[in-house]
Number of protein chains: 2
Amino acid sequence: MEGDCGTAIATETAMMPPAWNASLVGASRSADRLHTPALVLDLECFEVNVARMVTIARSGQCRLRPHVKGPKSTAVAKALVTAGAEGIACATVFEAETMAGAGLDDLLVTTPLVQQSSIERLVGLAGWRKVVLVVDHPTAAEALSRESVAAGLVIPVLVDVDVGQRRTGVGTEADLVALAMRVNDLPGLRFGGIQAYYGHLQGVADHARRDTLAREQLQRLSAMVAELRRAGLPPEIVTGGGTGTATSDASSCIFTELQPGSFPFIDAAYEKEDLAGDGTAGFRPALFVASTVINAAQPDRVTIDAGMKAIPTDGPAPRVVRSALRYEIAGDEFGFLYPAEGSETLPRLGDRVLIVPPHCDTALNLHRWLHVVRDGTVVDIWEIEARGEW
Amino acid sequence: MEGDCGTAIATETAMMPPAWNASLVGASRSADRLHTPALVLDLECFEVNVARMVTIARSGQCRLRPHVKGPKSTAVAKALVTAGAEGIACATVFEAETMAGAGLDDLLVTTPLVQQSSIERLVGLAGWRKVVLVVDHPTAAEALSRESVAAGLVIPVLVDVDVGQRRTGVGTEADLVALAMRVNDLPGLRFGGIQAYYGHLQGVADHARRDTLAREQLQRLSAMVAELRRAGLPPEIVTGGGTGTATSDASSCIFTELQPGSFPFIDAAYEKEDLAGDGTAGFRPALFVASTVINAAQPDRVTIDAGMKAIPTDGPAPRVVRSALRYEIAGDEFGFLYPAEGSETLPRLGDRVLIVPPHCDTALNLHRWLHVVRDGTVVDIWEIEARGEW
């Protein structure tokens, strides 16, 4: 912990990993002895994925500001910064407070502000760390201005623009320019640029189709940037993009920074996408749920100890590693494994299976501990601290 | 914290609720000022639900041993015991350790044992609290016996029987009797009875149909009990049942204890079921996700701050309280609200909405804090401590 920790900031004692798994750290081939279900990070694949995204961002002269709404872990955020990330993006106030508490700096909170409690907490944080905030409505800008002035700060603020998802953001160039001018005029705020995230395009599997759709939105974004320039408000920051569109985003010459989130982990959804443009994801699955067969009494299936509380239900079917077994949720704490072809031998009672979850963000959100494995050995256990609070 | 806390038991300092919501406790009508998303418990409905289940269990001379795999909270478990529960049921080792650490006793761990780490941890716990364990395979019984003997204990063990879900348990009377005899013969163990849970029947919406299916399984269970008696092993405990089948379970004269879990909370799935036999659920929804409208720029929908990390995606559609608005997941942190009829007025920017989640267990599992509300005032904040560990 560094700096002057204001009273409004949530801090807590760093927790120790549980004894039953902590004793495995450093023990040869210890990954097979983890108490399951357990969330596992393959460190080698993680490092390859992160290096690849750093290269993509640099190829487009973009800063890489990874989104930590997925990992919600200060250890992951620090690993990303060490590998070349410049600043991080957070979805929630609590994520930003947690990251700040662990010494991370230059925090963009990507969710447009509305709640007074969010504004108060983030202005508190801005007295302590570099914080960049987002608005998409003048009411929020005005409330933020009041708090910022009261705190004696000048906070950089981005205007969120809607690039086709119709979820947050202003929709027209006129609204964008009007809000940017309002932000610029308000005391305690500094217009810092724009945020444009097309989350609905990240999951388009076909590379050419996804690239075409991204470029349509990038063209709109380009027109918005031109309009801001004409209004005398050239955006210093243009932030957005995700893992699915990273190559299009980096080569666009529009974004000054990219904020992808899933790339270190990948999941059963992303691994099916043609992200590299050569029919492959380019990135490697690095996140797994380790599970144990706890019942093998049925002829047609076995029961494992990973259910809805260990593997999320959104997204495609989870994939069983090195197997054609089909996973099916069997309750809060149970899953079934079926042979895909009717011919495959089922695992036996007590056997371990590794599962690629459907969606990395929601999988990480279900677990408190990320068991970091290299070459089959547990080398560290990282806490996923920012889960379950906002 | 009471008793002699063994070194193998995970304990941690009780955490304080976050400052931004803790300041609301006791402030009149403060529920509307919670930082959202926030999980809310309506204390009055909770108390009515718990009293109803206590009455159902007592009507059948059954002990009520509520399952805490849903709440995963020691404060909830203590409230249940105060209201008349005798002992509690846990799904995971960590739940049992967490409950024991808070002073709760008589803990049934309902998941059949397989992992050596589970056996070691639970034998550690059994040196400290009354613990009842479950097996469905002789290998587990033998491993448990070894640990129990080494610890100088005699642990009551139930045999899990499959009553139609084909998920855990032994399937035939012969296997049941053989395993019960094995448990009875092994040193360090005492055959305590049987566990029979038909989770697949809990969600059958029609009362008569659900009752018929439950009674079919209860008949099988009755035959199993008779077979155990003939073998000289009358079961002291026959445990099982859930919220959906509670009235059938209590009136069966077979169960000695019921282990329902959802009844204090209810959810969008259970509230549609005819649980009372009069076309209604009988129980009241007591669990809600409070959320804020963060974008109202679109003509046909608004965006709220509760997405996949605040509202689970398993189960039926979430229900918006006192409204016909239709909720749709819009990402990790976002939801859309649409008018159901096209005619309803949409909520405005900054408005609060309360949502009944699809599934109470997985909703509780997403949140760290349960904001306890009576008459619109936050009266307490309870931690959901046992999430994300196993």
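In chain B of this predicted model, eight strands form an open sheet in the order β2-β9-β8-β7-β6-β5-β4-β3, with parallel pairing. Here helices (H or I, at least four residues) and strands (E, at least two) are DSSP runs, numbered from the N terminus, and two strands pair if DSSP finds at least two bridges between them. At the edges of the sheet stand β2 (63–64) and β3 (88–90) of chain B, each with a single partner strand, so one side of each is left without a neighbour in the sheet. Strands of a sheet pair through backbone hydrogen bonds, in either a parallel or an antiparallel manner. In chain B, strand β8 (residues 237–240) and strand β9 (residues 257–258) run parallel and are joined by two bridges. Within that pairing, Thr239(B) has Glu257(B) in β9(B) as its bridge partner.

Chain A also has an open sheet of eight strands, whose order is β2-β9-β8-β7-β6-β5-β4-β3, with parallel pairing. Its edge strands are β2 (63–64) and β3 (88–90) of chain A, each of which pairs on one side only. Strand β5 (residues 131–135) and strand β6 (residues 155–161) of chain A run parallel, with three bridges between them. Val134(A) has Leu158(A) of β6(A) as its bridge partner.

Residues are numbered from 1 along each chain as its sequence is written, while chains are lettered from A and ligands numbered from 1 in the order in which they are written. Because the model is predicted, local features need pLDDT of at least 70 and side-chain atom pairs count only at pLDDT 80 or more, whereas totals for chains, interfaces and linings use all residues; side-chain values use heavy atoms, with hydrogens and water left out.

Chain A is divided into domain 1 (19–41 + 281–383) and domain 2 (43–265), with bounds that come from an automatic or database domain assignment. The C-alpha centres of these two domains of chain A lie 33 Å apart. Their contact (heavy atoms within 4.5 Å) takes 19 residues from domain 1 and 23 residues from domain 2 of chain A. Together the two domains of chain A bury about 1,800 Å², 63% of it on carbon and sulfur atoms; buried area is the accessible area (1.4 Å probe) that two parts lose on being put together, summed over both.

Two salt bridges are found across this domain interface of chain A, a salt bridge being a side-chain nitrogen of Lys or Arg within 4 Å of a carboxyl oxygen of Asp or Glu. Lys69(A) forms a salt bridge with Asp361(A), with 3.6 Å between the closest N and O atoms. On the side of domain 1 of chain A that touches domain 2, the elements giving two or more residues are α10 (360–366), β16 (369–374) and β17 (377–383) of chain A.

The two chains also meet one another. Chain B and chain A each give 68 residues to their contact, and the area buried between them is about 5,600 Å², of which carbon and sulfur atoms give 53%. Arg166(B), Arg167(B) and Trp390(B) lose the most area in chain B to chain A, together 15% of what that side buries.

Six salt bridges cross the interface of chain B and chain A. Asp300(B) forms a salt bridge with Arg166(A), the closest N and O atoms being 2.4 Å apart. The elements giving two or more residues to the side of chain B that touches chain A are α4 (93–101), α5 (116–126), β10 (287–295) and α10 (360–366) of chain B.

Arg166(A) also has a backbone feature to note: its phi is positive, about 55 degrees, although it is not a glycine. Arg166(A) is placed in the loop between β6 and α7 (173–185) of chain A. Most residues other than glycine have a negative phi, and most peptide bonds are trans. A cis peptide bond joins Thr36(A) and Pro37(A), with omega about -5 degrees, and Pro37(A) lies in the loop between α1 (19–22) and β1 (38–42) of chain A. In chain B, the peptide bond from Thr36(B) to Pro37(B) is cis, with omega near -5 degrees.

Over all chains, the structure holds 46 salt bridges. In one of them, the side chains of Arg65(A) and Asp106(A) meet at 3.1 Å, N to O.
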